[in-house]
Amino acid sequence: MAIVQSTVLKAPEKTEPSRSSSPQVQEAVSSVIADIRARGDEAVREYSLKFDNYGPDSFLIQGEQLQEILDRVPEQVIKDIKFVQDQVRKVAQAQLQSMGEFEIETLPGVHIGQKNVPIDSAGAYVPGGKYPLLASAHMTILTAKVAGVKRVVACTPLIQGEIPDATVAAMHLAGADEIYLLGGIQAIAAMAIGTETIEPVSIIAGPGNAFVAEAKRQLFGEVGIDLLAGPTETLIVADETTDPFIAAVDLLSQAEHGPDSPAVLISTDQAVAEQTLDHINELIPEMPTKDYAEVAWRDWGEIHVVDSIEDAFSLADKFASEHVQILTASPRRALDEMKHYGALFLGEGTCVSYGDKVIGTNHVLPTRGAARYTGGLWVGKYVRTITYQEVTDEDSSAFFGELCGRAARVEHFEGHARSGDVRAAKYAGAALTWTDHSF
């Protein structure tokens, strides 16, 4: 990738964050996981009390408690949740339909096939923290259900000591089979390892803080994961047609995710870049979420001015940002000229916030450059693509037997070779024993 020269109108005050957790986070997570592995529910309850001041006899929400929560959620919120989940469902169903199964005959009687089989069980982590992120319930639970996952376990923490009613409603309406008021490392460990009351799952998906991400990293292999997500990122490509006020609003909309959320503007027009910066400086003091947005913009915000739209696309690809918004005269050019991004948002009529909350595409996306090698969460993450083989023609089996014998002996795998030998001999009409490999 060619080096792109740019004028830096605003540089970040901090350097690029580490792609790995701090030693302190790693040690804390490792200790909690080991304790839960040893003591199960007892340890889960102790850590929930320690971190969330919540330690009921059962973390499972069901029956009357579930109904009471649903009854507290305003009718309009329920309607909106159902509408958004319908959009997510449509996208996931289209993705599932795009995943082809096949069976081909490569030689006479040699049948090779591919099947898509859903994972049996999945864990969905819906973070809480300062804000209820009920949209994550749509993305993780509903997508798994569309894929055909039979058992979906969902965990979400209390928010400032309160049950997040709307989040629980979203989890229920998305189809969660088990809903637990449980967060943090203890939730990830309980779903991955299992306890006396929580059966383990096969894959865990969903965003979370540094401790949640580190727990997923340490448990990966014992359980599957969607990806390791870091702080939310956004990048806007702008030209002379871009409305600087909209660009400013959209950058700050993502900066409010947290104090370590990068927001980047790459513009081919100096005036647009300068006016966007002016608007940002005017908007931040009035933002209800400025505690996060102001720090994020100060520490991680960037504005670059480049000579051409080609340079803008090239520089944007180097960032490989989670979200890339194209606010240019011809936004669809990015579909052909850009390669590295978690999700692309084309034109002024759309925005990253649509993807986060309502439009239907999945918002669990790669960060910290991971878009160079992976996409985000989608229905295929909950499906195993597996193959099968069948050889029914004796001549074809004899042919492969001889080929297998030669190929395996080049690698000094005598046992493999003899598996081919016995078929070559049998279907050539001769008897063959394990020790007879003279031909």
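Is Asp 421 buried or exposed? Select Asp 421 and check: with a relative accessible area of 4%, Asp 421 is buried. Here buried means under 20% relative accessible area, exposed means over 50%, and partly exposed is in between (1.4 Å probe, protein chains only).

Before you go on, keep in mind that this is a predicted model, where local features need pLDDT of at least 70, side-chain atom pairs count only at pLDDT 80 or more, and totals for chains, interfaces and linings use all residues. Residues are numbered from 1 along each chain as its sequence is written, and side-chain values use heavy atoms, with hydrogens and water left out.

**Stop 1: the partner of Asp 421**

Arg 409 and Asp 421 form a salt bridge, and their closest N and O atoms are 2.6 Å apart. A salt bridge is a side-chain nitrogen of Lys or Arg within 4 Å of a carboxyl oxygen of Asp or Glu. Side chains of opposite charge can pair when their charged atoms come close. Arg 409 is partly exposed, at 27% relative accessibility.

**Stop 2**

The structure holds 19 salt bridges. For one of them, select Arg 72 and Asp 165, whose side chains meet at 2.8 Å, N to O. This pair links distant parts of the chain, 93 residues apart: Arg 72 sits in helix α3 (residues 63-72) and Asp 165 in helix α6 (residues 165-174). Helices (H or I, at least four residues) and strands (E, at least two) are DSSP runs, numbered from the N terminus. Arg 72 is partly exposed at 45%, while Asp 165 counts as buried at 18%.

**Stop 3: the annotated positions**

Which residues does the UniProt annotation "binding site" cover? Select Gln 254, His 257, Asp 356 and His 416; the label comes from an unreviewed entry. They span 163 residues in sequence and their farthest two C-alpha atoms are 55.5 Å apart, so they do not all gather at one spot. UniProt positions are given in the numbering used here, feature names are shortened, and annotations may be inferred rather than shown by experiment.

Zoom in on Gln 254, in helix α9 (residues 244-255). Gln 254 is buried, at 1% relative accessibility. Not counting residues up to four places away in sequence, Gln 254 touches several residues, including His 323 and Asp 356. Contact here means heavy atoms within 4.5 Å.

Asp 356 belongs to helix α14 (residues 352-357) and is buried too, at 6%. Leaving aside neighbours within four places in sequence, its contacts include Gln 254, His 257 and His 323.

**Stop 4: a strand**

Select Ser 121, in strand β5 (residues 121-125). Ser 121 is buried, with a relative accessible area of 7%. Leaving aside neighbours within four places in sequence, its contacts include Val 149, Arg 151 and Ser 202. The backbone nitrogen of Ser 202 is 3.2 Å from a polar atom of the Ser 121 side chain.

**Last stop: helix α15**

Finish by selecting Phe 399, which is in helix α15. Phe 399 is partly exposed, at 43% relative accessibility.

Conventions. A polar contact is a pair of N or O atoms within 3.5 Å; within protein, one must be able to donate a hydrogen and the other to accept it, and residues adjacent in sequence count only if both atoms are side-chain atoms.
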